[in-house]
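Q: Here is a model to go through term by term. Please set each value against its cut-off.

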Amino acid sequence: MPPIAVDVMSGDSGARECIPGALHALVTDPSLELILVGDPSVIEPALAGLADGVRTRLSVHPASSVVCMSEHPREAIRRRKDSSMRIAIDLVKEGRAGAMISAGNTGALTAMSHFVLKTVGPVERAPIMSSIPARNGGHTHILDLGANTKATALQLAQFATMGTIVARDVFGIATPRVGLLNIGEEDTKGHELIQEAHELIRATAGLNYLGFVEGNHIFDENVDVVVTDGFTGNVALKAMEGLAKLIVEQLKTEFSRDLRSKLSGLLARPVLRRVGDKLDPRRYNGACMVGLTAVVVKSHGSADSVAFAQAIHTAAIAMRRGLPAAIANALAKA
């Protein structure tokens with residue numbers, strides 16, 4: 001298996017969290033190889049004392065700049081050819097890496113990936129896809145989560161096909177159920193673009209399309225893949241993350257309010273810990289940018305080392321299962 005190129009300099013925390021996350025991923029996956037891309041003077045000291053079995057699966061590739069989180073995508077393409085993000089993408093293009101991952105600027109990563117790697121076959125735009133927890137321990141997979149703030153009806157139909165392939169080949173769902181996010185379930189609901197996408201998806205062979213789904217159905221396990229544009233998907237995702245944080249904070253406040261509440265909290269701690277683990281967004285970090293000629297994974301910008309390691313794990317699964325080729329083959333038959 002080829003190595004994964006890891007941009008360890010980007011994101012809100014940069015090397016402080018990305019390097020430990022990369023090392024954790026190496027320790028937990030003995031067959032994994034990584035190329036850490038960034039400033040060697042920052043990376044090399046963090047590698048001191050590593051076990052030989054880990055260090056031999058790791059190399060460092062220098063990069064002299066970093067794409068800022070606020071940098072405009074066009075400027076990043078023009079001025080950041082020496083950045084850790086761009087070099088990691090270039091390593092994939094050159095065949096020296098089989099996938100890349102970055103916690104950096106989403107717009108810049110999207111633009112650079114499209115510019116350097118291109119999309120497969122007829123794919124017009126590559127959406128970002130990730131999973132969130134659903135009821136009874138299941139998951140729902142959503143795309144697009146921010147790569148494309150606007151999407152045409154054809155692009156939404158392509159998202160449905162690609163989401164099905166990822167859910168099937170990466171997450172092992174035999175026949176993924178697909179829903180199109182809308183303001184109602186009835187066929188008459190939604191604007192013209194959504195209506196057009198609805199008809200295109202319904203006419204696409206090989207999809208288990210359920211029709212429209214509403215936002216409250218994302219968690220009910222009746223749908224495996226939810227399709228939407230990047231603007232709506234990103235807003236929904238951030239709202240979910242904010243709500244999860246609010247619930248945790250409210251529970252902590254209530255269980256520390258007085259002595260009786262504290263005693264109740266002690267009794268409930270095992271249950272709360274299990275629920276907290278299931279809702280921990282770090283467990284779901286790592287969103288595939290599907291539809292490109294190679295595997296590109298976007299980590300949350302604020303990811304800590306645990307979350308970043310999970311994103312690397314996601315990239316490894318997608319690469320090992322040949323995600324780009326599977327998408328290209330499916331779309332060629334459509």
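Q: What makes the contact between the side chains of Arg177 and Asp224 a salt bridge?
A: A salt bridge needs a side-chain nitrogen of Lys or Arg within 4 Å of a carboxyl oxygen of Asp or Glu. Between Arg177 and Asp224 the N to O distance is 2.9 Å, so the pair qualifies. This is a predicted model: local features need pLDDT of at least 70, side-chain atom pairs count only at pLDDT 80 or more, and totals for chains, interfaces and linings use all residues. Residues are numbered from 1 along each chain as its sequence is written, and side-chain values use heavy atoms, with hydrogens and water left out.

Q: Why is the pair of Arg177 and Asp224 said to tie together parts of the sequence?
A: Arg177 lies in strand S7 (residues 177–181), and Asp224 in the loop between S8 and S9, so the bridge links parts 47 residues apart in sequence. Helices (H or I, at least four residues) and strands (E, at least two) are DSSP runs, numbered from the N terminus.

Q: Why is Asp224 called buried?
A: Buried means under 20% relative accessible area, exposed over 50%, and partly exposed in between (1.4 Å probe, protein chains only). Asp224 has 9%, so Asp224 is buried.

Q: What else does the side chain of Asp224 reach?
A: The backbone nitrogen of Arg177, at 2.8 Å. A polar contact is a pair of N or O atoms within 3.5 Å; within protein, one must be able to donate a hydrogen and the other to accept it, and residues adjacent in sequence count only if both atoms are side-chain atoms. The 2.8 Å distance falls within that limit.

Q: Which residues does Asp224 touch, not counting residues up to four places away in sequence?
A: Thr140, His141, Ile173, Thr175, Pro176 and Arg177. Contact here means heavy atoms within 4.5 Å.

Q: How do you know that Asp187 and Arg202 form a salt bridge?
A: Their closest N and O atoms are 3.8 Å apart, so the pair meets the salt-bridge definition. Asp187 sits in the loop between S7 and helix H8 (192–202), and Arg202 in helix H8, so the pair ties together parts 15 residues apart in sequence. Asp187 has a relative accessible area of 44%, so Asp187 is partly exposed. Arg202, at 45%, also counts as partly exposed.

Q: What distance joins Arg202 and Glu199?
A: 2.5 Å, N to O, in a salt bridge between their side chains. The two are three residues apart in helix H8, so about one helical turn separates them. An α-helix has 3.6 residues a turn, so residues three or four places apart point the same way.

Q: How many salt bridges does the structure hold?
A: Twelve.

Q: What makes the span of helix H6 close to the expected one?
A: The expected span is 1.5 Å times one less than the number of residues. H6 (residues 106–117) has twelve residues and reaches 16 Å from first C-alpha to last, close to the expected 16 Å.

Q: Why is H6 called mostly covered?
A: Nine of its twelve residues are buried. Among them are Leu109, Met112 and Val116. The cover includes helix H4 (73–79) and strand S4 (99–102).

Q: What caps the N-terminal end of H6?
A: Asn105, with a side-chain oxygen 3.0 Å from the backbone nitrogen of Gly107.
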